[in-house]
Amino acid sequence: MQMDRQHIRVPEGYFDDLQARLSAIPSSQRAVVMRPWYSRLAPYAVMAACMAFAVVAGNFILRRTAPSGPAYDEYETMLSSELIPNTDPYAIYHDSEDVYEVSLEDVAEYLIASGTKVDHISFIIDE
Amino acid sequence: MTRPLDELERLFNGIVRDYSERLYWHVRRFVHSHEDADDIVQDIFLKIWTALPSYRGEAQLFTWIYRIATNETLNWLRKRRVRAVLSFQSLDEEMERRIDEDPWFDGDALQRQLSKQIQKLPDRQRSIFILRYYEDMKYEDIAEVLGVSVGSLKASYHIAYEKIKSAVKDLD
């Protein structure tokens, strides 16, 4: 077959073959199955399920491994003490019944250990 | 209103029957390669099939089809040009080489030169020339295909025609 104005040939039977191939386009496109609407939501559902699992599992693990007991309770108290203005800072550390009373001897020992002069120590103790 | 699928298929098969050969030649004049023209024509018809449900008859069917075909071909050329630039080559030289080496070309040296001169035209001007000179398309229809005014494409065609005529005359 020739195109007179431009003098170009094509292989024998090319256009019949071309038409056959082009006519197959609609059926080949139909072969791409349209997914139902719920399958399009599937990836988002999976992501949401993963996040929910991470939250639940993480919460469970943290609760099981969280420290507890008097030391932890005291720690929590100390932690929250920063948030609560107080006028008696010693109350934070001495809120238990077992308060250690500091004697004069303890004070003298500390002062001696810290290098305070004897004259000063006696002045303080006498006070 | 959407057309039923069987109606779309009937319409599409009619387009394949009436336009497959015409579109092949249209593309072939741009790309100068049987294999590339074959690929591009398949892409064109795939686009036609995809766009057919949205065709509402705003334009004539054949100008709508030619618009898809011309755009698809010019896009192919643009991509080819970018690839050529990235390889430090010239698309014009590549196309001239294709014209020289085309095993399906049956014409003489003068006709080969004519193809080369047409190839040298800018894309838009070449489209106008090919649609007018080879397809015998009316100016009004070319204007619809390319989205330009009749006045500007008449001027463009005239310039292209004179350019090619003088170039081929010099070679004769």
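The legends below describe close-up views of a predicted two-chain model.

Residues are numbered from 1 along each chain as its sequence is written, and chains are lettered from A and ligands numbered from 1 in the order in which they are written. Because the model is predicted, local features need pLDDT of at least 70 and side-chain atom pairs count only at pLDDT 80 or more, while totals for chains, interfaces and linings use all residues.

**View 1. Chain A and its elements.** Chain A holds 7 helices and 2 strands. Helices (H or I, at least four residues) and strands (E, at least two) are DSSP runs, numbered from the N terminus. Their order from the N terminus is β-β-α-α-α-α-α-α-α. Of the 127 residues in chain A, 2% are buried. A residue is buried with 20 or more other C-beta atoms within 10 Å of its own, exposed with 12 or fewer, and partly exposed in between; C-beta atoms are placed from the backbone.

**View 2. The side of chain A that touches chain B.** Contacts join 17 residues of chain A to 24 residues of chain B. A contact needs C-beta atoms, placed from the backbone, within 7 Å. Strand 1 (2-3), strand 2 (8-9), helix 1 and helix 2 (25-30) of chain A each supply at least two residues of this side. Helix 1 of chain A gives the most, with 6 residues.

**View 3. Helix 1 of chain A against helix 1 of chain B.** The two helices pack at an angle of about 135°, and their axes are 10 Å apart. Axes are lines fitted to C-alpha atoms, for helices over the stretch in contact, and angles run from 0 to 180 degrees between N-to-C directions. The pair is therefore oblique. Angles under 35 degrees count as roughly parallel, over 145 as roughly antiparallel, 65 to 115 as roughly perpendicular and the rest as oblique. The crossing is right-handed: the near helix is turned clockwise from the far one by less than a right angle. From chain A come F15(A), L18(A), Q19(A), L22(A) and S23(A). They meet N13(B), V16(B), R17(B), S20(B), E21(B) and Y24(B).

**View 4. The largest nonpolar core.** This core has 30 residues. A nonpolar core is a set of buried Ala, Val, Leu, Ile, Met, Phe, Trp, Tyr and Cys residues joined through C-beta atoms within 7 Å. L23(B), V27(B), V41(B), I44(B), F45(B) and I128(B) have the most contacts inside it. Helix 1 (14-23) of chain A supplies at least two residues, as do several helices of chain B, including helix 1 (5-31) and helix 2 (34-51). Beyond its neighbours within four places in sequence, V27(B) contacts A37(B), I40(B), V41(B), A69(B) and T73(B).

**View 5. Helix 1 and helix 2 of chain B.** These helices pack at about 140°, with axes 9 Å apart. They are therefore oblique to each other, and their crossing is right-handed. Among the residues in contact are L23(B) and V27(B) of helix 1 and V41(B), I44(B) and F45(B) of helix 2.

**View 6. F105(B) in its loop.** F105(B) sits in the loop between helix 4 (91-101) and helix 5 of chain B. F105(B) counts as partly exposed because it has 18 C-beta neighbours inside 10 Å. Not counting residues up to four places away in sequence, F105(B) touches H7(A), I8(A) and R112(B). F105(B) and H32(B) are 73 residues apart in sequence, yet 9.2 Å apart in space, C-alpha to C-alpha.

Technical notes: Contact = placed C-beta atoms within 7 Å.
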